[in-house]
Amino acid sequence: MITETLEAAPARSSARPYREHPRSLTHPPRTGLLLVLPAVIFVSVFVLAPLLVAVYISLTNFPLIGDYRFIGLENYAQAFTDPAFGWSIVYTLIYTAIVTLPILLLGYTLAVLVRSNRRGAKVLRTVFFIPYVVGLTTLSFLMVLEAQPDSGMINLILKWVGLTDGSTAWLVDGRLGTILICGLVVWGVSGLTMMLLMSGMQGIPSDVYESAELDGAGWWRTERHITLPMLRRTIALSLIISVIGSFLAFTQFFILTQGGPGSQTTTVVMAIYKRAFVQLQLGAATAMSLLLVVIIGLVTAAQFWLLREKD
């Protein structure tokens with residue numbers, strides 16, 4: 001009797017149907033689709049559709065006002081041979097190279113000063129972060145007033161310390177205007193880098209620093225061998241944000257120099273703006289915009305590759 005029961009048991013178990021994908025009662029398959037559907041609709045309407053329209057406009061001679069016709073890749077060919085657009089790319093690269101490292105160094109220095117919870121740290125964080133909250137637009141309008149010859153605070157200070165005669169025209173000279181704008185941007189944007197790096201520093205376990213202190217490591221060795229390696233991803237994020245922001249620079253140049261004198265301080269975005277809303281060549285401006293998107297994508301990809309974590 002017992003033998004028959006043991007022999008019958010495998011037969012009953014083999015007859016039981018096997019379900020490879022059991023249906024979940026709490027997460028039906030359609031739930032995931034419904035959850036991502038709003039994001040898909042948002043991206044399709046506000047990203048993909050405008051991108052397709054922009055690609056089409058870049059293949060026409062769209063004049064912003066009036067009729068247009070399809071001209072193929074003529075706008076792209078013109079952009080590659082346009083000396084003004086080429087100079088704007090070169091100038092933007094120079095500007096990016098000038099401001100990127102000072103923003104990182106100043107932001108790191110400020111983060112070191114305010115990362116602890118000692119008395120006054122919160123006040124310093126607020127003071128250092130206020131320029132970024134105020135914004136480059138407001139700071140640029142203030143700088144217009146402070147850079148005026150004979151009356152601006154910059155010239156008065158430089159005259160007081162004996163460096164100039166107090167009548168320097170900062171905004172009508174290409175090099176002086178670039179120096180002024182770079183200083184303004186470093187001052188105004190370093191607060192964001194400070195906050196990013198400070199958040200990363202506060203996420204490092206304190207026992208790591210305690211172990212280093214017990215081993216006799218000084219401040220510099222601790223920063224070099226503990227803080228910097230553990231902040232690699234945060235530093236990479238800060239550099240990527242800084243470089244992309246530099247490539248998209250427009251407000252400070254438009255307010256302070258209008259891209260002049262001539263085209264000496266014309267960035268890529270300002271060149272696109274002039275082509276679209278001054279020369280009324282929207283098709284050519286759209287083609288230049290798409291080329292800028294490609295350039296930013298290549299630069300960002302290069303940054304990801306250079307700043308990747310090596311095994």
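The legends below describe several close-up views of one predicted model.

In this predicted model, local features need pLDDT of at least 70 and side-chain atom pairs count only at pLDDT 80 or more, while totals for chains, interfaces and linings use all residues. Residues are numbered from 1 along each chain as its sequence is written, and side-chain values use heavy atoms, with hydrogens and water left out.

**View 1. The largest nonpolar core and the surroundings of F253**

A nonpolar core is a set of buried Ala, Val, Leu, Ile, Met, Phe, Trp, Tyr and Cys residues joined through side-chain atoms within 4.5 Å, where buried means under 20% relative accessible area, exposed means over 50%, and partly exposed lies in between (1.4 Å probe, protein chains only). The largest such core has 21 residues, and Y95 and F253 are the ones that touch the most other members. At least two residues of this core come from each of α4 (83-114), α6 (136-146), α8 (174-202) and α12 (251-256), and α8 gives the most, with seven residues. Helices here are DSSP runs of H or I with at least four residues, strands are runs of E with at least two, and both are numbered from the N terminus. Contact means heavy atoms within 4.5 Å, and, leaving aside its neighbours within four places in sequence, F253 is in contact with Y91, Y95, I181, Q258, G259, T265, T267 and M270. A second, separate core has 19 residues, including L59, F85, A276 and L282.

**View 2. The largest pocket**

Pockets and cavities are found on a 1 Å grid over the protein atoms alone: a cavity is a set of points where a 1.4 Å probe fits but cannot get out, whereas a pocket is an open set with protein on both sides within 12 Å along at least five of seven lines, and lining residues have an atom within 4 Å of a point. Grid points are joined across faces, edges and corners, and a volume is the space filled by probe spheres set on the points.

Because E223 lies in helix α10 and R115 in the loop between α4 and α5, the pair ties together parts that are 108 residues apart in sequence. E223 is buried, with a relative accessible area of 2%.

**View 3. The salt bridge between R275 and D82**

A search of the whole structure finds two salt bridges, and one of them joins the side chains of R275 and D82, at 2.5 Å from N to O. R275 lies in helix α13 (residues 268-278) and D82 in the loop between α3 (74-81) and α4, so this pair ties together parts that are 193 residues apart in sequence. Both R275 and D82 are buried.

**View 4. Backbone details at P261, Q258 and D150**

A cis peptide bond, with omega of about 0 degrees, joins G260 and P261, and P261 is found in the loop between α12 and α13. Q258 is found in the loop between α12 and α13, and Q258 has a positive phi of about 55 degrees although it is not a glycine. D150, in the loop between α6 and α7 (153-160), has a positive phi of about 70 degrees and is not a glycine either.

Terms used:
Salt bridge = Lys/Arg side-chain N within 4 Å of Asp/Glu carboxyl O.
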